[in-house]
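Here is a short report on one protein model. Look at the sequence and the structure first, then read on.

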Amino acid sequence: MLIKNGTVVTENESRRCDLRIEGERITAMGNLDPIDGEEVLDAGGLLVLPGLIDPHLHIRLDTGIYSTPDDWEIGTREAALGGVTTVLDFATQFPGQSWEQALEARQAEIRGKAIVDYGLHMMVTDRRAAGSFEEMAAAGVDAVKVYTTYRPNYYQDDAALLEIMGRAAKAGLPIMLHAENDAIVTEATERLLAGGDRALRFHGRARPEFAEVEAAHRACFLAAEAGCVLYIVHNSSPRTVDVIEAARRSGQVIWSETCPQYLTLDESVYETSDAWRFILQPPLRSRTAVEGLWERVLRGTVDCLGTDHCDYSIEQKRAADDFSKTPGGLPGLETLLVLTYDEGVVKRGLKMERLVALCCANPARAFGLYPRKGTIAVGSDADIVFFDPEQEWVIRADERVGTARYNPWEGRKVRGRVRRVFSRGEEIVSEGECRAEPGRGRFCGKL
Ligand SMILES: [Zn+2]
């Protein structure tokens, strides 16, 4: 198959270039003529991007308290429609389980359902039962996820973090970390609830920005001591990015991730009757913080964008007018690319190559998939998105396919649209229709 006349974008350059795909890989690039009987696709006027890699999402999430009503077919269909050809989700090691049990339980949910390729990070909640991290890495798990908050199920204290970090370092696995100071958010939450301030508009006050900055700072300090690679998820504050940047300057390897919601929405929505649409942890921040984050994205100190996608239904989100009882998390797989393009490239002059670095190349690098994925190059998987940089449309939940049935960006007019998506050479999306066979997605740990 030959893709002609498109503008191919990688993290390094944008250029007019044809691509030849044979089987699952890209086999030639340049000024190419079709060989006998070869199928030719015209990408004239379109950007040809590497398929996006979402390094942080929660398909069929089970927190032990809430669970999302989606499944791996629905979740990976949303991904495909959004131009995301690789999802790096989590397996949760529940108390008493070994990593093998946790991985097998998650693979059983995925088997026969995934439409795009996937990888798994191991959420370690019971470090003593988890087993060997070396063996876990050999089985294809790409990172260890830990939390500095959420008692009693996920929380790890500093000694536990240090021990887990040391084991991950020895196994060559990065640590993914959710940074919020548990004591601070717990006390702020309890004080609000004791005063009767349960309404959703108090959500932001229960989880202040400095709680994130403090935990990120401490995690960087512990990671230096343990000698591990650190990846701090969903930075909602520009100050968190600065903490990471400072630690990097002293020689540490630390990745900074933020999410489209922290770049496109602010805390003013908590004052509206639609506040339920925007409950997530960490919460949305001030307009100043949003612009501060953009500054750091544009400057290149933020490395990756993840969605933190959670497909809770409207009923679940609206069940309680109580911020402490509303499940946290927003749907975002279908809108990752278009929101980043519209708010970043169109409105703020973000370079298209930087968008590819944030959404493709860097997530691939952070989790060991580069250059097999995350770029367009001879030998890479033919994971490709045809993106129309001019088409305008309006985001509407009733045109999306997830179980959320609401959208945090409802009614927003955006520029840029996914036209066709290829995963390992197979066309899985064409003009808003995903017709791929569930179960075709492969585990990246075993690629
Ligand atoms: Zn998350």
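**A helix and its neighbours**

The buried residues of helix H10 pack against helix H7 (209-226), helix H8 (238-249), strand E15 (254-258), helix H9 (260-264), helix H12 (336-348) and helix H13 (352-366). Contact means heavy atoms within 4.5 Å. Helices (H or I, at least four residues) and strands (E, at least two) are DSSP runs, numbered from the N terminus.

Among the buried residues of H10 are Leu293, Trp294 and Val297. Buried means under 20% relative accessible area, with a 1.4 Å probe and protein chains only. Gly300 follows H10, and its phi is positive, near 95°.

**About the model**

This is a predicted model: local features need pLDDT of at least 70, side-chain atom pairs count only at pLDDT 80 or more, and totals for chains, interfaces and linings use all residues. Residues are numbered from 1 along each chain as its sequence is written, and side-chain values use heavy atoms, leaving out hydrogens and water.

**The zinc site**

Three protein donors lie 2.1 Å from the zinc ion: His56 (NE2), His58 (NE2) and Asp308 (OD). Donors are N, O and S atoms within 2.8 Å of the metal (3.2 Å for Na, K and Ca); water is not among the atoms, so sites may look incomplete.

His58 lies in strand E9 (residues 57-58) and Asp308 in the loop between strand E16 (304-305) and strand E17 (309-310), so the pair ties together parts 250 residues apart in sequence. Both His58 and Asp308 are buried.

**A salt bridge**

Glu343 and Arg412 join their side chains in a salt bridge (2.9 Å, N to O). The term means a side-chain nitrogen of Lys or Arg within 4 Å of a carboxyl oxygen of Asp or Glu.

Methods
Buried means under 20% relative accessible area, exposed over 50%, partly exposed in between (1.4 Å probe, protein chains only).
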